[in-house]
Amino acid sequence: MRPFGAPEGDLEDSSRTVRPFGGFSALMKRRRMTRAFSPRPVEPELLDSLLDTARRVPSAGNSQGFDFLILSTSEAIERYWSTTFRPEARAGFEWQQLFEAPVLVVIYADSAAYVSRYSEPDKVRTGLGEGPQAWATPYWLVDASMAALALQLAAIDAGLGVLFFGVFDHADAVASEFGVPSHREVVGTVAIGYAADTGGGDVVSAGRSSVRARRDLEEVVHRNNW
Ligand SMILES: Cc1cc2nc3c(=O)[nH]c(=O)nc-3n(C[C@H](O)[C@H](O)[C@H](O)COP(=O)(O)O)c2cc1C
């Protein structure tokens, strides 16, 4: 049974390709960030299907105020790295094979889409159409983050590696380099590609934080009271 059958014309579901982890829970238990990529290109149809999956996340008021800036030519990727790294920092960077990633997706959130949506008749009584300052939680960042995660999980499910990383204090420089409209907030960048063969040594691509133990379920969960 297919309770949510895709309407005709939708992009091919990427999950039908490789699916190295099988089901969703197994994927979540085993997925890790990848910091060493092979230069092997990501097939354009596969990339499109991942983006198509990612745009289907839930969003407040169905505002969908997120955008994906796709860098998938070597020239565009070089522009990204030279905008965000000084040459000496780049030469000394710990994860050199991150620079091999054939796709970078910079994810942006658009508060104006939310303010506009919540000014519509069915939402106006919330007062959230008055401006971003009226929002206790900036849902544009929540929704764009959901899209970022969906993109990563779809890519991993299709047999690719990903790294989500921060843009830090290069946000203005990246926006200006790639013509991003003003007032878009950057959420982060997702590098996507096939993982490099690190000879079975995940250590080559493991981040420093990866040695931190996962918090126990009972430490994270607060049942009926904190
Ligand atoms: C919001 C966010 C920002 C991150 N920023 C970086 C980053 O700038 N550089 C990096 O190498 N990893 C970054 N990571 C990856 C984390 O270090 C990684 O997810 C964490 O150590 C757990 O490892 P795992 O995802 O492999 O389980 C970031 C992850 C998130 C969710």
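**Strand β2**

I began with strand β2 and noted that 8 of its 8 residues are buried, where buried means that 20 or more other C-beta atoms, placed from the backbone, lie within 10 Å of a residue's own, exposed means 12 or fewer, and partly exposed covers what is in between. Strands here are DSSP runs of E with at least two residues, helices are runs of H or I with at least four, and both are numbered from the N terminus. The model I was reading is predicted, and I kept in mind that local features need pLDDT of at least 70, that side-chain atom pairs count only at pLDDT 80 or more, and that totals for chains, interfaces and linings use all residues. Residues are numbered from 1 along each chain as its sequence is written.

I then sorted the residues of β2 by face. In a regular strand the side chains alternate between the two faces of the sheet.

I traced an open sheet of 4 strands in the order β1-β2-β4-β3, with antiparallel pairing, taking two strands as paired if DSSP finds at least two bridges between them. At the edges I found β1 (66-71) and β3 (161-165), each with a single partner strand, so one side of each is left without a neighbour in the sheet. Neighbouring strands are turned by 25° against each other on average, direction ignored; the axes are lines fitted to C-alpha atoms, and angles run from 0 to 180 degrees between N-to-C directions.

I went through the pairings in turn. β1 and β2 are joined in the antiparallel sense over 6 bridges, and Phe68 stands opposite Ile107 in β2. Strand β2 (residues 103-110) pairs with strand β4 (residues 184-193), also antiparallel, over 8 bridges. Along this pairing I noted Val105 opposite Val190, Val106 with Thr189 as its bridge partner, and Asp110 with Arg184. Strand β4 is mostly covered as well, with 8 of its 10 residues buried. On its other pairing, β4 runs antiparallel to β3 and is joined to it by 5 bridges.

**Val162**

I looked next at Val162, which is found in strand β3 and has Ile192 of β4 as its bridge partner. Val162 is buried, because 26 other C-beta atoms lie within 10 Å. Leaving aside neighbours within four places in sequence, I listed its contacts (C-beta atoms, placed from the backbone, within 7 Å) as Met33, Thr34, Gln152, Ala155, Ile156, Val190, Ala191 and Ile192. Met33 is 129 residues away from Val162 along the chain, yet their C-alpha atoms are separated by 5.8 Å.

**Ligand surroundings**

Which residues surround the ligand? I found Arg32, Met33, Phe164, Phe165, Gly166, Gly188, Gly207, Ser209 and Ser210, a residue being taken as near if its C-beta atom, placed from the backbone, lies within 6 Å. This shell divides into 3 nonpolar, 5 polar and 1 charged, with Ala, Val, Leu, Ile, Met, Phe, Trp, Tyr, Cys and Pro counted as nonpolar, Asp, Glu, Lys and Arg as charged, and the others, Gly among them, as polar.

**Helix α2**

In helix α2 (residues 44-54) I marked Leu46, Leu47, Ser49, Leu50, Thr53 and Ala54 as buried. They cover an arc of only 160° around the axis, which puts them on the same side of α2; the arc is that of the directions from the helix axis to the C-beta atoms. On the other side of α2, Pro44 and Glu45 are exposed. Among the elements that cover the buried residues of α2, I noted β2 and α6 (139-157).

**Gly23 and the whole chain**

I checked Gly23 in the segment before α1 (24-30) and counted this residue as exposed because there are 10 C-beta neighbours inside 10 Å. Its C-alpha atom is separated by 8.8 Å from that of Asp157, which is 134 residues apart along the chain.

Finally I took the chain totals. The chain has 8 helices and 4 strands, running from the N terminus as α-α-β-α-α-β-α-α-β-α-β-α. Buried residues make up 29% of its 226 residues. Among contacts between residues at least 6 apart in sequence, 85% join residues at least 24 apart.

How values were computed: Two residues are in contact if their C-beta atoms, placed from the backbone, lie within 7 Å.
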